[in-house]
Amino acid sequence: MSKIIAIVNQKGGVGKTTTAINLATALAAVDKKTLLIDLDPQGNASTGFGITLENREFTSYDVIIDNVSVAGAAVPTLVPNLDIVTSTVDLSGAELELVAIPGRESVLKNKIKEAKAKYEYILIDCPPSLGLLTLNALVAADSVLIPMQCEFFALEGLSHLLQTLDLVKANLNPDLSISGIVLTMYDRRNRLTEQVERDVRDYMGDKVYETVIPRSVRMSEAPSHGKPALIYDFRSPGSQAYILLAKEILNKRRIRIEQPEWRKAV
Ligand code: ATP
Ligand code: MG
């Protein structure tokens, strides 16, 4: 049975999609059959895999609103073992259309069930809001992975998100857990970074992954080449960090060993 991980943060531009793309790639690279569901109308995860609009025949909109199955909408990516359910801007309409559907929070959960046998990991890239699409991801998921940027308002956003997760647990998905918080676009030259990291680690303890994802130009270049950074530049510090993150997730424990060289340098 698969593990379903929703990648969530209502704050925009914190590295959700970059994490979804590269973590999915890292899991697939160690032979885990993986599915990435692009649940964001921006379709950044789909674009990040170089899938053009013409090639997005069935999308997550069709899965949620129409009679298309998850397996029916999934297409292979350039990465072996990794499929994707793409999205387009049509998905923004689903947010409204869902309101009229009975059991509106559980549509994705019900649709995902039959795909569970086919994949070991299903990652869901969520939009930057806590609307009905994200709620569907939280109800369908076993756990939540929260990418967080070390900046001033990050902790406020995090406590709002944690309240939402408590509500979902209490009312809709009692088994939902926090897989972990990953610090993204980590840059020690920014004075706030260390302060925010200390606060988050004090507040959230071992919920925070040891691995941090460094800010690097190669990470931001990769999507414009339609490739995960892990394939665009395997050796870049960001790519290597996503491999370590995948290790932490696979081992279900925090990795405190070998501090990579870049960690000392940034
Ligand atoms: P949204 O909320 O809009 O969906 P997001 O949380 O999915 O955004 P991303 O799209 O992953 O965030 O990242 C935002 C921007 O930051 C992108 O341009 C991305 O290429 C860039 N970026 C992400 N991670 C890194 C990194 N480690 N180093 C440098 N740039 C990064
Ligand atoms: Mg995104």
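**Reading cores and confidence in a predicted model**

Visitor: Which residues touch the most other members of the largest nonpolar core?

Guide: In this predicted model, the largest nonpolar core has 51 residues, and among these I112, I124 and L165 touch the most other members. The largest share of this core comes from helix α8, residues 154-171, which supplies 6 residues.

Visitor: What does L165 touch, not counting residues up to four places away in sequence?

Guide: Once residues up to four places away in sequence are set aside, L165 touches L138, V144, I146, L176 and I178. There is also a second, separate core of 31 residues, and its members include L27, L82, A229 and L230.

Visitor: Why does T19 count as buried?

Guide: A residue is called buried when its relative accessible area is under 20%, and T19 counts as buried because its relative accessibility is 0%. T19 has its place in helix α1, which covers residues 16-29, and the side chain of T19 reaches the backbone oxygen of G15 at 2.7 Å. Not counting residues up to four places away in sequence, T19 touches I7, A24, L145, P147, V182, T184, Y242 and L245.

Visitor: What is the mean pLDDT of the protein, and where is the pLDDT below 50?

Guide: The predictor's confidence in each residue is given as pLDDT; the mean for the protein is 93, and 95% of its residues reach 70 or more. Over residues 256-260, however, the pLDDT is below 50, and this stretch has 5 contacts in the model beyond near neighbours in sequence. Over residues 262-266 the pLDDT is below 50 too, and there the model has 12 contacts beyond near neighbours in sequence.

Technical notes: Residues numbered from 1 in each chain as written. Chains lettered and ligands numbered in written order. Predicted model: local features only at pLDDT ≥ 70, side-chain atom pairs only at ≥ 80, totals over all residues. Heavy atoms only, no water. pLDDT = per-residue confidence, 0-100. Contact = heavy atoms within 4.5 Å. Core = buried A, V, L, I, M, F, W, Y, C linked by side-chain atoms within 4.5 Å. Buried < 20%, exposed > 50% of the residue type's maximum accessible area, 1.4 Å probe, protein only. Helix = DSSP H or I, 4+ residues; strand = E, 2+ residues; numbered from the N terminus. Polar contact = N/O pair within 3.5 Å; in protein donor to acceptor, adjacent residues only side chain to side chain.
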